[in-house]
Amino acid sequence: MSKFFSLLFLYFLISVTINLEAKFSLGVDYLEETKFDILKGKKIGLLTHPAGVNSRGISTVDVLRSSSQVDLVALFGPEHGIYGNEKAAVPVEDKIDQKTGLPVYSLYGKFRKPTPSMLSKIDCMVIDLQDVGVRCYTYISCMRYAMEACFEEEVQVVVLDRPNPLGGQKMAGPMIDEKWMSYVGAFPMPFVHAMTIGEIALWSKKESGILKISEKARKSGQLAIVPMKNWKRAMTWPQTGLKWIPTSPNIPTLDSVAGYPMTGLGAQMGKFKHGIGTPQPFRFLTFDGISPADLKTELDNLNISGLSFQLKTLKNNSGKDIEGVYIVLTDWTKWRPTELAFYMMQLSAKWEAPSPFTQAKESEVTLFNKHVGSSAWWNHLFQSGASCEPRKFLIKWDGETRSFKDKVSKYYLY
């Protein structure tokens with residue numbers, strides 16, 4: 001072989017090696033790669049949903065069932081159920097899965113926390129849930145409750161890690177006050193948290209007080225994280241090569257993933273609507289009584305970094321044309337995920353008289369604060385009305401997120 005072709009062949013081998021080393025894979029892929037060693041000889045329960053698939057798009061349910069090394073005996077479903085077809089905030093009943101014949105225990109029905117009876121049938125709970133990087137999204141809450149129950153009942157927990165679709169660097173929004181912690185705020189973290197579901201599990205296992213169980217149960221609880229390979233904190237979802245599978249009915253696309261922290265809080269009270277019922281949930285704004293053109297002008301005048309706004313007409317689910325403003329994410333690096341939501345609240349207070357924040361029922365106030373998490377912001381919003389000013393809060397929260405990162409980065413896996 002000539003020297004030229006020898007060098008060319010060597011270059012080819014190096015290139016192949018680098019490409020193989022750089023190939024991204026999910027926790028469930030790595031579980032398969034290790035031939036399910038961690039699950040051998042155990043009766044397995046699986047907590048998952050439709051987005052729980054491997055890199056080839058095969059359901060984790062099918063991945064485990066097809067292996068002779070795995071004894072899958074029960075399924076556990078979060079909000080929206082294991083097939084993702086249940087409505088938000090609607091209780092889901094236990095059932096027998098027609099596809100597999102396995103019992104499906106709902107963790108969003110009569111029980112949010114697995115009961116000792118449910119766990120008596122398994123030795124190990126495998127958790128494969130795709131999160132969206134936002135504190136109030138209930139899949140991480142479901143994981144916390146499952147971990148607590150398993151540790152109390154001496155059942156091992158194995159978390160199959162997945163990417164945070166907002167990446168591992170974007171932290172934003174307020175921390176949550178302890179009084180507002182609930183199923184839509186089950187962890188003491190910023191609204192946008194920049195952690196993978198595996199990192200959240202590790203952090204809550206290692207740090208006292210996050211899991212609401214005895215110290216003995218927390219310390220003795222068995223937790224294993226099956227990591228991803230070659231995920232980097234700066235990676236966006238498209239860089240993983242994965243197809244986005246809707247994690248819930250109103251998060252059908254990556255557009256809606258980014259829109260969720262941008263507008264979800266801002267449309268909780270008042271006349272803003274954020275595209276639910278259109279092809280662009282969380283990315284399409286309307287305001288009753290304000291023309292789309294005037295709404296766009298007001299949004300443009302806010303000069304929010306990383307965003308621009310376009311007039312657009314979409315059809316709603318009934319086939320009716322809806323005119324509104326579509327949110328364009330123009331610069332990922334400058335984008336602050338929650339900033340727009342708080343200016344939406346400012347506009348609601350400005351455009352509605354009396355302010356919706358002074359007229360809300362106690363139950364509405366409680367739900368609002370469970371999602372936002374900050375009593376200080378609510379008090380300012382309530383007292384200042386149309387003159388409320390988000391900027392000083394946004395600056396304060398940026399400082400708090402930096403402090404949070406300093407505390408949790410030792411639990412980063414990537």
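1. Basis. The model is predicted: local features need pLDDT of at least 70, side-chain atom pairs count only at pLDDT 80 or more, and totals for chains, interfaces and linings use all residues. Residues are numbered from 1 along each chain as its sequence is written, and side-chain values use heavy atoms, with hydrogens and water left out.

2. Leu311. This residue belongs to strand E10, residues 307–315 (helices, H or I of at least four residues, and strands, E of at least two, are DSSP runs numbered from the N terminus). Leu311 and Glu323 are twelve residues apart along the chain, with 7.4 Å between their C-alpha atoms. Setting aside residues up to four places away in sequence, Leu311 touches Pro292, Ala293, Lys296, Gly324 and Val325 (contact: heavy atoms within 4.5 Å).

3. H14 and H15. Helix H14 (residues 375–384) packs with helix H15 (residues 391–408) at an angle of about 175°, the axes being 11 Å apart (axes are lines fitted to C-alpha atoms over the stretch in contact; angles run from 0 to 180 degrees between N-to-C directions). H14 is therefore roughly antiparallel to H15 (angles over 145 degrees). Ala376, Trp377 and His380 of H14 meet Lys392, Phe393 and Trp397 of H15.

4. H11. The 13 residues of helix H11 (residues 339–351) should span 18 Å at 1.5 Å a residue, and the end C-alpha atoms are 19 Å apart, which agrees (expected span: 1.5 Å times one less than the number of residues). Eleven of the 13 residues are buried, so H11 is largely enclosed by the rest of the structure (buried: under 20% relative accessible area, 1.4 Å probe, protein chains only). Among the buried residues are Glu339, Phe342 and Gln346.

Key: Angles under 35 degrees count as roughly parallel, over 145 as roughly antiparallel, 65 to 115 as roughly perpendicular and the rest as oblique. Buried means under 20% relative accessible area, exposed over 50%, partly exposed in between (1.4 Å probe, protein chains only).
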